[in-house]
Amino acid sequence: QVQLVESGGGLVQPGGSLRLSCAASGGILAINVMMWFRQAPGQQRELVAIIDNGGSTHYANFVKGRFTISRDSAKNTSYLQMNNLKPEDTAVYYCKANLRTIGMTRDYWGQGTQVTVSS
């Protein structure tokens, strides 16, 4: 059974940094794309960053220059390094992966990790 588990969220002051991790496990043959989304209270879930299996990345404009997505393919893990955090970055951050198991390729979501930016 595939699981995506996020970690690394917490409370940080404006201007601070956090690094989120997303570890995928459970019968995985290959991971095509790993993504980070976020959802603030009362808002729609929005895409933050993408990294594909070739290492190509894409970022939402609101995080360019502040956030960096990376992955460790050997560990089936994605990371989101978040620097210069702002109060408007406060949200639940979700990991999503498109991956292949025996018999199918589909998207999976993690349970989310809370990031709060406040003084």
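Reader: Which residues form the aromatic cluster?
Author: Phe37, Tyr94 and Trp109 form one cluster. This is a predicted model, where local features need pLDDT of at least 70, side-chain atom pairs count only at pLDDT 80 or more, and totals for chains, interfaces and linings use all residues. Residues are numbered from 1 along each chain as its sequence is written, and side-chain values use heavy atoms, with hydrogens and water left out.

Reader: What's the rule for a ring pair?
Author: Rings of Phe, Tyr and Trp (its six-membered ring) pair if their centres lie within 6.5 Å. Planes under 30 degrees apart count as stacked, over 60 as edge-to-face, and the rest as tilted.

Reader: How many pairs by that rule?
Author: Two aromatic pairs. In one of them, phenylalanine 37 and tryptophan 109 have ring centres 5.0 Å apart and planes at 55°, so that pair is tilted. Phenylalanine 37 is in strand S4 and tryptophan 109 in strand S10 (residues 104–109), so to speak distant parts of the chain, 72 residues apart.

Reader: How do you assign strands?
Author: They are DSSP runs, numbered from the N terminus: strands are E, at least two residues, and helices are H or I, at least four.

Reader: Phenylalanine 37, buried or exposed?
Author: Phenylalanine 37 counts as buried, at 13% relative accessibility. Buried means under 20% relative accessible area, exposed over 50%, partly exposed in between (1.4 Å probe, protein chains only). Tryptophan 109 is partly exposed at 37%.

Reader: And what about tyrosine 94 with tryptophan 109?
Author: That aromatic pair is edge-to-face, with 6.4 Å centre to centre and 85° between the planes. The pair links distant parts of the chain: tyrosine 94 sits in strand S9 (residues 91–101), tryptophan 109 in S10, 15 residues apart. Tyrosine 94 is buried, at 14% relative accessible area.

Reader: Which arginine lies over the face of tryptophan 109?
Author: Arginine 45, at 4.7 Å from the ring centre. The rule: NZ of Lys or CZ of Arg within 6 Å of the ring centre and within 35 degrees of the ring normal. Arginine 106 lies over the face of tyrosine 108 too, at 3.9 Å from the ring centre.

Reader: Switching to arginine 38. Where does it lie?
Author: Arginine 38 lies in strand S4 (residues 30–39). At 6% relative accessibility, arginine 38 counts as buried.

Reader: What polar contact does its side chain make with aspartate 89?
Author: One of 2.9 Å, side chain to side chain. Another polar contact, of 3.0 Å, joins the side chains of arginine 38 and tyrosine 93. A polar contact is a pair of N or O atoms within 3.5 Å; within protein, one must be able to donate a hydrogen and the other to accept it, and residues adjacent in sequence count only if both atoms are side-chain atoms.

Reader: Which residues is arginine 38 in contact with, sequence neighbours aside?
Author: Leaving aside neighbours within four places in sequence, the contacts (heavy atoms within 4.5 Å) include Arg45, Glu46, Phe62, Asp89 and Tyr93.

Reader: Disulfides next. How many?
Author: One, counting cysteine sulfur atoms within 2.5 Å. Cysteine 22 and cysteine 95 form it, with sulfur atoms 2.0 Å apart. The torsion about the S-S bond is about -75°, so the disulfide is left-handed. Cysteine 22 lies in strand S3 (residues 18–25) and cysteine 95 in S9, so the pair ties together parts 73 residues apart in sequence. Both cysteine 22 and cysteine 95 are buried.

Reader: Which residues touch the most other members of the largest nonpolar core?
Author: Leu4, Trp36, Leu80, Met82 and Tyr93, out of 30 residues in that core. Such a core is a set of buried Ala, Val, Leu, Ile, Met, Phe, Trp, Tyr and Cys residues joined through side-chain atoms within 4.5 Å. The largest share, five residues, comes from S9.

Reader: What does methionine 82 contact?
Author: Beyond four places in sequence, its contacts include Leu18, Leu20, Phe67, Tyr93 and Val115.

Reader: Last one, asparagine 84. What's phi there?
Author: Near 50°, a positive value in a residue other than glycine. Asparagine 84 lies in the loop between S8 and S9, and is partly exposed at 43% relative accessible area. Asparagine 76 also has phi near 50°, in the loop between S7 and S8.
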